[in-house]
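User: I am new to reading protein models and would like to learn how to go through one feature by feature. Could you guide me through this one?

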Amino acid sequence: MREFTAARLRDVEESATITVSDKAKALKAQGKDVLDLSGGDPHFPTPRHIVQEATEAMERGDTHYPPSRGIPRLLNAVQRKFAQDNGLEYALDELIVTPGGKLAIYATLMATVEPGDEVLLLSPAWVSYEPGIRIASGVPVYVPLEPEEYRITPEALRSVDAPRAKVLIFNSPNNPTGRVATADEIRAVAEFAQERDLLVIADELYEKLLYDGREHQSIAAQPGMRDRTITVNGMSKAYAMTGWRLGYAGGPRAVIAQAFKIHQQSVTSAATFTQMAAACALEGPQDAVAEMLQGYDSNRRLVADALNAIPGVHCPMPEGAFYAFPSIEGKESIPFARELLDDALVAVTPGVAFGPTGEGHIRISFATEASILERAFERMSKALGA
Ligand SMILES: Cc1ncc(COP(=O)(O)O)c(C=O)c1O
């Protein structure tokens with residue numbers, strides 16, 4: 001029999017983060033008391049007023065196909081959000097609402113990458129970019145950023161030999177490092193993108209999760225960047241709406257029009273009542289976002305203190321998102337994570353999953369109860385002989 005599966009998918013590996021959390025789930029199913037710090041899902045419930053909006057929409061009968069690009073109410077809310085929060089003016093046909101920010105990234109890659117085109121990733125980078133690039137028949141090329149600071153410099157950007165580079169994915173606040181790019185770093189990426197004539201996919205999913213008074217800056221708002229940037233955002237992280245699957249993107253019409261075809265011809269649209277809820281979230285009071293941020297902020301201090309007290313572990317203070325990315329004294333991260341799960345029943349993500357300069361680190365999600373974090377670090381300290 002012939003090989004039925006497509007070659008472009010055979011090299012794509014299952015997400016390393018999902019593999020760890022699957023093993024953690026399997027252990028849990030066996031009745032083991034696993035403390036799972038490997039996921040990227042807020043522990044807070046979706047705020048009540050948002051849930052209520054969706055329930056009312058369903059009761060009203062808003063359960064049919066919506067317009068593919070998004071319902072007008074949500075597109076208008078997204079348009080206002082981009083203008084107010086990011087200084088970005090988009091016409092309605094420069095926007096698209098997708099089931100999750102992930103699909104917006106994937107659709108943009110499918111819309112822009114030709115077979116063999118290179119897509120630059122600043123390492124460490126979120127685990128789902130590389131498979132997305134491969135599925136789009138592109139070639140992922142990591143730009144290694146130096147641990148521990150992972151600073152983006154013009155030298156680091158220029159150090160990579162990628163003559164076919166067409167796209168660069170830029171993610172700040174960053175998963176997994178918890179770093180927030182400075183104005184200088186954003187400028188360096190913007191200048192590099194113009195110098196090399198690149199399209200930038202700006203992944204701003206963690207925009208609202210910033211600590212110590214930091215302010216988010218969109219790279220698309222830099223001089224010369226609007227027409228070469230697709231800005232991706234979504235409801236998952238800021239509003240604790242991961243399961244609702246709702247994201248959106250804004251960018252130049254020509255690229256959005258092609259990404260829209262991928263979206264329309266694959267998933268048709270995001271769900272109708274989820275879009276109502278998302279509009280309500282963007283239009284309504286933002287107190288719940290601020291409250292959740294406070295919770296993450298206190299968790300991040302707990303995590304950094306506890307990790308830095310463990311010999312051989314060093315954890316810079318996360319600046320944004322809800323991840324800590326401590327170094328583990330040059331140890332290999334996969335056996336380290338595996339042993340931690342086997343010996344201490346604590347699930348973390350091996351840093352190597354995020355690219356070459358992620359090795360020697362683990363990612364810890366602190367979007368969980370403080371009591372779980374405390375128990376996890378107690379176990380970790382014991383297992384690591386502290
Ligand atoms: C950096 C980053 N981008 C995008 C996403 C996708 O988010 P969603 O598809 O839930 O909107 C995630 C989710 O973990 C993420 O961490």
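User: How many helices and strands does the protein have, and how compact is it?

Analyst: This is a predicted model, and its secondary structure comes to 13 helices and 12 strands. The radius of gyration is 21 Å, close to the 21 Å that the globule rule gives for 386 residues, so the protein is as compact as a globular protein of that length. Along the principal axes, the C-alpha trace spans about 60 × 60 × 55 Å, and buried residues make up 52% of the 386 residues.

User: How is the protein divided into domains, and which parts of domain 1 touch domain 2?

Analyst: Domain 1 takes in 7-46 + 287-383, while domain 2 covers 48-283, and the C-alpha centres of the two lie 24 Å apart. Across the boundary, 40 residues of domain 1 are in contact with 38 residues of domain 2. On the side of domain 1 that touches domain 2, the elements giving two or more residues are α1 (7-10), α2 (16-29), α11 (287-308) and β9 (323-324), and the largest share, 6 residues, comes from α11.

User: In what order do the strands of the open sheet stand, and which of them are at the edges?

Analyst: As a general idea, strands of a sheet pair through backbone hydrogen bonds, either parallel or antiparallel. Here 7 strands form an open sheet in the order β2-β8-β7-β6-β5-β3-β4, with mixed pairing. The edges are held by β2 (95-98) and β4 (139-144), each with a single partner strand, so one side of each is left without a neighbour in the sheet. On average, and with direction ignored, neighbouring strands of this sheet are turned by 20 degrees against each other.

User: Which strand does β2 pair with, and what packs on the sheet there?

Analyst: The partner of β2 is β8 (residues 247-250), and the two pair in the antiparallel sense over 4 bridges, with threonine 98 standing opposite glycine 247 in β8. Helix α9 (residues 253-266) packs on the sheet, where it touches β2, β6 (199-203), β7 (229-234) and β8, and its direction makes about 25 degrees with that of β2.

User: Is β6 enclosed or open to the outside, and how do I read its two faces?

Analyst: In a regular strand the side chains alternate between the two faces of the sheet. In β6, 5 of the 5 residues are buried, so this strand is largely enclosed by the rest of the structure. Strand β5 (residues 165-171) runs parallel to β6 and is joined to it by 5 bridges, and the bridge partner of valine 167 in β6 is leucine 199.

User: Where are the cis peptide bonds, and which residues other than glycine have a positive phi?

Analyst: The peptide bond from serine 123 to proline 124 is cis, with omega near 5 degrees, and proline 124 lies in the loop between β3 (118-123) and α6 (129-135). Another cis bond joins proline 147 and glutamate 148, with omega about -5 degrees, and glutamate 148 is found in the loop between β4 and α7 (154-158). As for phi, threonine 268 has a value near 70 degrees and is located in the loop between α9 and α10 (272-283), whereas glutamate 329 has a phi near 55 degrees and belongs to the loop between β9 and α12 (333-344). Threonine 268 counts as exposed, with 11 C-beta neighbours inside 10 Å, and glutamate 329 is exposed, with 11 other C-beta atoms within 10 Å.

Terms used:
Residues are numbered from 1 along each chain as its sequence is written. This is a predicted model: local features need pLDDT of at least 70, side-chain atom pairs count only at pLDDT 80 or more; totals for chains, interfaces and linings use all residues. Domain bounds come from an automatic or database domain assignment. Two residues are in contact if their C-beta atoms, placed from the backbone, lie within 7 Å. The radius of gyration is taken over C-alpha atoms; the globule rule is 2.2 Å times the number of residues to the power 0.38. A residue is buried if 20 or more other C-beta atoms lie within 10 Å of its own, exposed if 12 or fewer, and partly exposed in between; C-beta atoms are placed from the backbone. Two strands pair if DSSP finds at least two bridges between them. Axes are lines fitted to C-alpha atoms, for helices over the stretch in contact, and angles run from 0 to 180 degrees between N-to-C directions.
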